[in-house]
Amino acid sequence: MSNLIKTEGILKAEIEKRKNLDKEKAELDFSNKYLVIGKTFSVSDFQFDESQEINTELYKSSIKIMSMGAVTQYSLGKEFERVHSILGNNKNGTYMKFVKMLGFNPRMVQRYRLRYYWVETIKNLKKNTAQAVEIISLLGINLLEEFDILAKDDVIKEVLLEYLQEDNMTLGKFREHLRTEINEQNLLEIKNNDNDMFEFQVNFNEKLKNIKKLDKKIQVLSKDKKELINDYLSKIESILASEVIDIEEK
């Protein structure tokens, strides 16, 4: 009986081992299939003031270097994401201590995780997946962060994902689409801020007018209420005075 239990334990361990190997193989296949760069640009994008032979060599080298960089960022992001899932809510701050102990900049690690997140998300697209993954893998980190911010809006996210899936979309073309979306959102934000400021100004002016109209009523209030109103007005005056000083110092 004990031998049977022992045999079952060995079989279970072997099955688990096989599952892990299959999982690792699938991940390796993903890296080989999607993170080998070179689909969204060509040798014509690498025309330096050199011979065609040298330009071709530089193009080949760029593919190797960017492929290694894409795989490295993806792999680091994946592992840091795994560690964060274990330690992220740790009250002792162990995750950040772990990151710093390894000599990594926490902001850079966050960017690795962000890259990993979007590669994982985009590899599930139904059309032109390899192309879309390559673009996200090579997109400059500042633009990727802008992409992440814009994608929090579901409508804009769908638009950006549609761009990524367009036939023959290139890194350069996607950058242009993304920058257009960023500029449009910035203009919209400025417009909204201007509207908010206008509404505040109108409401503030109305309140000032109303206070002046209440002058006679204030005179007949009790001493306590007069002092309370005076305290509030003093606070408003103090806030405005401090803001004026800050502006003058700048």
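## A nonpolar patch on the surface

Phe-48, Ile-54 and Leu-58 together make up a nonpolar patch on the surface, with about 260 Å² of accessible area between them. Such patches consist of residues with over 30% relative accessible area and no salt bridge; like charges are joined within 9 Å, and nonpolar side chains (Val, Leu, Ile, Met, Phe, Trp, Tyr) within 5 Å. Areas come from the Shrake-Rupley method with a 1.4 Å probe, and a salt bridge is a side-chain nitrogen of Lys or Arg within 4 Å of a carboxyl oxygen of Asp or Glu.

This is a predicted model, in which local features need pLDDT of at least 70 and side-chain atom pairs count only at pLDDT 80 or more, while totals for chains, interfaces and linings use all residues. Residues are numbered from 1 along each chain as its sequence is written, and side-chain values use heavy atoms, with hydrogens and water left out.

Leu-58 belongs to helix α2; helices are DSSP runs (H or I, at least four residues) numbered from the N terminus. Leu-58 counts as partly exposed because its relative accessibility is 35%, given that buried means under 20%, exposed over 50%, and partly exposed in between.

Glu-158 is situated in helix α7 (residues 154-165). With a relative accessibility of 46%, Glu-158 is therefore classed as partly exposed.

## Aromatic pairs

The structure contains five aromatic pairs. Rings of Phe, Tyr and Trp (its six-membered ring) pair if their centres lie within 6.5 Å; planes under 30 degrees apart count as stacked, over 60 as edge-to-face and the rest as tilted. One of the pairs is formed by Tyr-74 and Tyr-116, which are tilted, with 5.3 Å centre to centre and 55° between the planes. Tyr-74 lies in helix α2 (residues 52-87) and Tyr-116 in helix α4 (residues 106-122), so this pair ties together parts 42 residues apart in sequence. Both Tyr-74 and Tyr-116 are buried.

Phe-147 and Phe-174 form another tilted pair, at 6.1 Å centre to centre and 55° between the planes. This pair links distant parts of the chain, with Phe-147 in helix α6 (residues 141-150) and Phe-174 in helix α8 (residues 171-213), 27 residues apart.

Note on methods:
Helix = DSSP H or I, 4+ residues; strand = E, 2+ residues; numbered from the N terminus. Buried < 20%, exposed > 50% of the residue type's maximum accessible area, 1.4 Å probe, protein only.
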